[in-house]
Amino acid sequence: MVPFGGYAMPVQYQTGILSEHLHTRRSAGLFDVSHMGQVRLIGDGAIAAVERLVPGDIQALKPGRVRYTMLTNDQGGIIDDLMVARREKELALVVNAGTKDNDIAHIAAHLPAGVELIYEQQRALLALQGPLAAAVLERHIPGIAKVAFMTETAAKLAGIEITLTRSGYTGEDGFELSVPASRADEVARLLLAASEVLPIGLGARDSLRLEAGLCLYGHDIDETTTPIEAGLIWTISKRRRAEGGFPGDAVIQKQIAQGPGRHRVGIQPEGRAPAREGVEIQIGGQTIGKITSGGFGPSADRPVAMGYVDAAKAITGTAIDLIVRGKPMPARIVAMPFVPHSYFKNI
Amino acid sequence: MANIRFTNDHEWIRVEGDTAVIGITDYAQQQLGDVVFVELPEVGRALERGKDAAVVESVKAASEVYAPIDGQVIEINTLLLDQPATVNSDPQGAGWFFKVKLGDTAQLEALLDETAYNNMIQELG
């Protein structure tokens, strides 16, 4: 167990990070992500209020749809990244564990009268991820295997009222299930009873998201990195780019127009030695950036990393040196993800 | 004296005549988890007791391996470069790291014997 975001979390279960990681990509893994913050915003003004805090297009979000966006500060930095689900008369947010108290205070301070914020402390969050996740859930929730990626559904699982989104943090197909905390143990045991499912710890959660090229808050993105630098421009719609109306909009609009000074890029070490967070990136002895996440990619079967480099050097194929234990190690800038995404496409 | 000794940092050292074989203990590999990379010292390098000798990286983290005693490296286990997971499967056998020519054998006396090491890891839980 290790401390994470104020919680004691298991790094791994019995079989270890490597096999948990590979099992999730091959079958299905269950993650207890109840440390994350679940927040509901109820009232007619909720959409407009959230749009004043994030660059994501919340107005365009139809009921039942989910979107990834981020809370920004006045400098265009990222206070947190989050998921926003639109329900008929409310928005449901999922924010990071270590940032949730700040996020809630920040959001609450910017809500107009008539919008109510409910911090769902009595709900747990379980993620079932992997190519067989849908088949496992289909046994309990007929029809669920057909719902689209990035949608939210209310359903009954063994008589328990839950909501689930088809989303996740592994690059695989999968679902995140919001369940009453009092029934979480029951739901977890039910899902783990399926022969396809193993419990997966924090270690594999990190290696899976790293291979998928997904950002970890506090490492790959933080209050000093903008969504544009982080390569998250795809989360900002044409309307929001044009209109602004969120914290740091001027900085972000300028970076969209002129390009940012640095970019988050994928990094492929050429040898077998992992290059981890904090490792300096050089070209010809000149520092051009730093690794923000790195380690061994079990599915890639080699070390993988991501980090920020000067915009002029952020070109796929560029040869770089990673300074590991004082020695330069050859690497290249590569496109992410390191392992192709396998999100569900309903054809 | 049994010919295997241990450090507080979970290295083992086995004396074979005037050479010593060094690796990390079963407890160490369990704590590290899946080993994915091992960096070994160059043959010929003079190691100093308690100083960095090798690096072992698991999916979780990078860890230094320290020299249990002074000595010159005479052989390294190149198998670990291709199959680092041998450290997990056979830490005190095929997963050895390097061999040194024994210098000051008195240094061995300062290390833990098997009983003392086992008692120490018992206490670590």
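Two strands pair if DSSP finds at least two bridges between them, and strands (E, at least two residues) and helices (H or I, at least four) are DSSP runs numbered from the N terminus. The model on screen is predicted: local features need pLDDT of at least 70, side-chain atom pairs count only at pLDDT 80 or more, and totals for chains, interfaces and linings use all residues. Residues are numbered from 1 along each chain as its sequence is written, chains are lettered from A and ligands numbered from 1 in the order in which they are written, and side-chain values use heavy atoms, with hydrogens and water left out.

**Stop 1: the sheet of chain B**

Select strand 8 (residues 71-76) and strand 9 (residues 98-102) of chain B, which pair in the antiparallel sense over five bridges. Within this pair, B:Ile76 stands opposite B:Phe98 of strand 9.

Six strands of chain B make an open, antiparallel sheet in the order 1-2-3-9-8-5. Strand 1 (4-6) and strand 5 (46-47) of chain B are at the edges with a single partner strand each, so one side of each has no neighbour in the sheet. When colouring by face, note that in a regular strand the side chains alternate between the two faces of the sheet.

**Stop 2: where chain B meets chain A**

Select the residues of each chain that are in contact with the other (heavy atoms within 4.5 Å). There are 12 residues from chain B and 12 from chain A. The size of an interface is often given as the accessible area lost when the parts come together. Buried area is taken in that way here, with a 1.4 Å probe and summed over both parts. Chain B and chain A bury about 1,100 Å² between them, with 55% of it on carbon and sulfur atoms.

Four salt bridges are counted between the two chains; the rule asks for a side-chain nitrogen of Lys or Arg within 4 Å of a carboxyl oxygen of Asp or Glu. One to display is B:Glu57 with A:Arg325, whose closest N and O atoms are 3.0 Å apart. Strand 4 (35-39), strand 6 (52-58) and strand 7 (62-66) of chain B are the elements that give two or more residues to the side of chain B that touches chain A. That side divides into six nonpolar residues, one polar and five charged. In this grouping Ala, Val, Leu, Ile, Met, Phe, Trp, Tyr, Cys and Pro count as nonpolar, Asp, Glu, Lys and Arg as charged, and the others, Gly among them, as polar.

**Stop 3: the two domains of chain A**

Colour domain 1 (2-211) and domain 2 (233-334) of chain A separately; the bounds come from an automatic or database domain assignment. Taken over C-alpha atoms, the domain centres are 26 Å apart. At the boundary, 23 residues of domain 1 are in contact with 23 residues of domain 2. The two domains bury about 1,800 Å² between them, 59% of it on carbon and sulfur atoms. Select A:Pro55, A:Leu210 and A:Glu211 next: they supply 30% of the area that domain 1 buries against domain 2, more than any other three residues.

Three salt bridges cross this interface. For a charged pair, show A:Arg239 and A:Glu51, whose side chains meet in a salt bridge (2.7 Å, N to O). Helix 1 (17-26), strand 5 (66-72) and helix 6 (202-211) of chain A are the elements that give two or more residues to the side of domain 1 that touches domain 2. The residues of that side are eight nonpolar, eight polar and seven charged.

**Stop 4: single sites in chain A**

Go to A:Glu172 and A:Arg25, which form a salt bridge (3.0 Å, N to O). A:Glu172 is in the loop between strand 11 (160-165) and strand 12 (174-180) of chain A, and A:Arg25 is in helix 1, 147 residues apart.

Two backbone details remain. Most residues other than glycine have a negative phi, and most peptide bonds are trans. A:Met150 has a positive phi of about 60° although it is not a glycine; find A:Met150 in the loop between helix 4 (133-138) and strand 10 (152-157) of chain A. The peptide bond from A:Met336 to A:Pro337 is cis, with omega near 0°, and A:Pro337 is in the segment after strand 19 (327-334) of chain A.
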